[in-house]
Every structure is written in C-alpha cells, then in structure tokens.
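Me: I'd like to learn how to read a helix and its surroundings. Could you take me through an example?

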Amino acid sequence: MYEYKDDDGVIIWTGERLKFYWLEHETFPEAYSVRMDIQKTKQIFRKLCRHFKIRNTQLTFWNRKGGRARSLAYGYEILVPEDCSFGLLCHELSHIYNRQRCMKFKHNKRLMRTLKRFIAYCKKKNHWRLI
Ligand SMILES: [Zn+2]
C-alpha cells in the first residue's frame with residue numbers, strides 16, 4: 001500500500017493516486033518545478049481551455065496559509081494553490097478534460113496521456129518560459 005503523509009502525519013494520498021503522482025513528477029520534473037503567480041496561472045488556464053475546448057470551467061485559488069496545501073478538480077471547477085506549479089494546473093485541468101470528453105475522472109493511463117498533451121502544447125508554445 002502506498003501512502004503519502006503531510007507534515008502533520010495526515011494521510012492525503014494512497015494507492016493509485018500516489019503512484020500516479022510519483023510517475024508524473026518523474027516524467028515531467030520541469031513542469032513541477034515551475035511555480036506561477038495568480039496572474040500567470042489564470043493566463044495559462046485560459047490558453048489551455050481555449051486550445052483544448054474545455055468548457056464552463058471555473059478556476060479557484062486556495063491560500064496555503066489558510067490550511068494544508070491541496071488541489072482538487074471536481075465537477076467543472078478546479079481548486080489550486082496561489083503558487084500553483086505548472087504541472088499541477090495541467091493535472092487538474094486534465095481531470096476536467098477527461099470528464100467532459102468521456103466521463104472518466106481517475107488517475108489512469110488516459111489521464112497521463114491528456115497530461116502529456118497539455119504539457120507538450122505549453123512547451124511548444126513556450127508558455128511556461130514567460131514566467
Ligand atoms: Zn488528480
């Protein structure tokens with residue numbers, strides 16, 4: 001059983017989700033080392049939504065100082081920290097994309113494929129270098 005605990009020892013990720021987390025950090029280390037401010041996150045969010053035709057999705061920011069750092073994607077909203085990394089934004093948006101396309105929401109190969117496409121697109125357009 002895989003487990004990931006935060007500083008207070010609370011388990012936040014287990015099993016498949018954690019395996020996915022490790023895999024993506026190993027595959028795209030660059031993307032996770034770049035942190036963006038709110039303006040930049042909004043800008044990349046809009047570009048990805050437009051290019052990949054992700055509809056009606058709301059971006060909400062989570063202040064790390066207000067509690068444990070986390071990010072979520074549910075329904076048509078994603079919640080990310082104010083100093084969101086590039087990879088994290090692509091990850092959460094991949095969930096919404098897969099859900100809108102095929103009602104799938106899991107951490108599986110399909111999500112990894114979507115994530116790859118998102119990161120490749122931004123890399124090609126040089127979006128994350130503009131920070
Ligand atoms: Zn996820």
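Me: Which residue just after helix 3 takes a positive phi?

Reply: K53 does, with a phi of about 55 degrees. Helices here are DSSP runs of H or I with at least four residues, and strands are E runs of at least two, numbered from the N terminus. This is a predicted model, where local features need pLDDT of at least 70, side-chain atom pairs count only at pLDDT 80 or more, and totals for chains, interfaces and linings use all residues. Residues are numbered from 1 along each chain as its sequence is written.

Me: Which residues of helix 3 are buried?

Reply: A residue is buried if 20 or more other C-beta atoms, placed from the backbone, lie within 10 Å of its own, exposed if 12 or fewer, and partly exposed in between. In helix 3, T41, I44, F45 and L48 are buried.

Me: Why do they line one face?

Reply: An α-helix has 3.6 residues a turn, so residues three or four places apart point the same way. Seen down the axis of helix 3, the buried residues fall within an arc of 105 degrees (taken from the directions from the axis to the C-beta atoms), so they line one face. The face turned away carries the exposed residues Q39, R46 and R50.

Me: What covers the buried residues of helix 3?

Reply: The cover includes strand 3 (58-62), strand 5, helix 4 and helix 5.

Me: What is L89 in contact with?

Reply: Contact means C-beta atoms, placed from the backbone, within 7 Å. Beyond its neighbours within four places in sequence, L89 is in contact with T41, I44, F45, V80 and C84.

Conventions: Two residues are in contact if their C-beta atoms, placed from the backbone, lie within 7 Å.
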